Amino acid sequence: MKCIATTVRTAKIRKKQQEVVGFLEANKIDFQELDIAGNEDNRLWMREHVPSEKKPQNGIPLPPQIFNEEGYCGDFESFFSAKEENSVHSFLGIGTPPDSKDEEDEQPLTEDEDEEMAE
């Protein structure tokens, strides 16, 4: 997992980066934070790997941008939407943790649970 970040002093970008990184850390998801402010190679890599339809009008995507290895997951807005919908693991392209609500939703109801819901 790669999270493209920057050391820029813009509070808005910093807050978004902290939210993504905080979520990844809290959920023990391995990731690598890549700084684009101090590393031209990281900046070029990000620009090359963000799909053209996801780039803003000026063509330069802002961090944070999230990748699963080489595959593009999305920007902060996509991450935030996935978080609100409890589908971040799917958004990141990783397996759902065993104790997650997503997995519970996929399990068929037992006969007792089915009867309880019918009442």
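Trainee: Leaving aside its neighbours within four places in sequence, which residues is Phe91 in contact with?
Mentor: This is a predicted model, where local features need pLDDT of at least 70 and side-chain atom pairs count only at pLDDT 80 or more, while totals for chains, interfaces and linings use all residues. Residues are numbered from 1 along each chain as its sequence is written, and side-chain values use heavy atoms, with hydrogens and water left out. Contact means heavy atoms within 4.5 Å. On that basis the partners of Phe91 are Ile66, Cys73, Gly74, Asp75, Ser78, Phe79 and Ala82.

Trainee: Which residues touch the most other members of the largest nonpolar core?
Mentor: A nonpolar core is a set of buried Ala, Val, Leu, Ile, Met, Phe, Trp, Tyr and Cys residues joined through side-chain atoms within 4.5 Å. Buried means under 20% relative accessible area, exposed over 50%, partly exposed in between (1.4 Å probe, protein chains only). Among the 15 residues of this core, those touching the most other members are Val20, Leu24, Ile66, Phe79, Phe91 and Leu92.

Trainee: Which element gives the largest share of this core?
Mentor: Helices (H or I, at least four residues) and strands (E, at least two) are DSSP runs, numbered from the N terminus. Two or more core residues come from each of helix 1 (11-26), helix 3 and helix 4. The largest share, four residues, belongs to helix 1.

Trainee: What is the phi of Glu69 near?
Mentor: Most residues other than glycine have a negative phi. Glu69 sits in the loop between strand 3 and strand 4 (71-75). Its phi is positive, near 60°.
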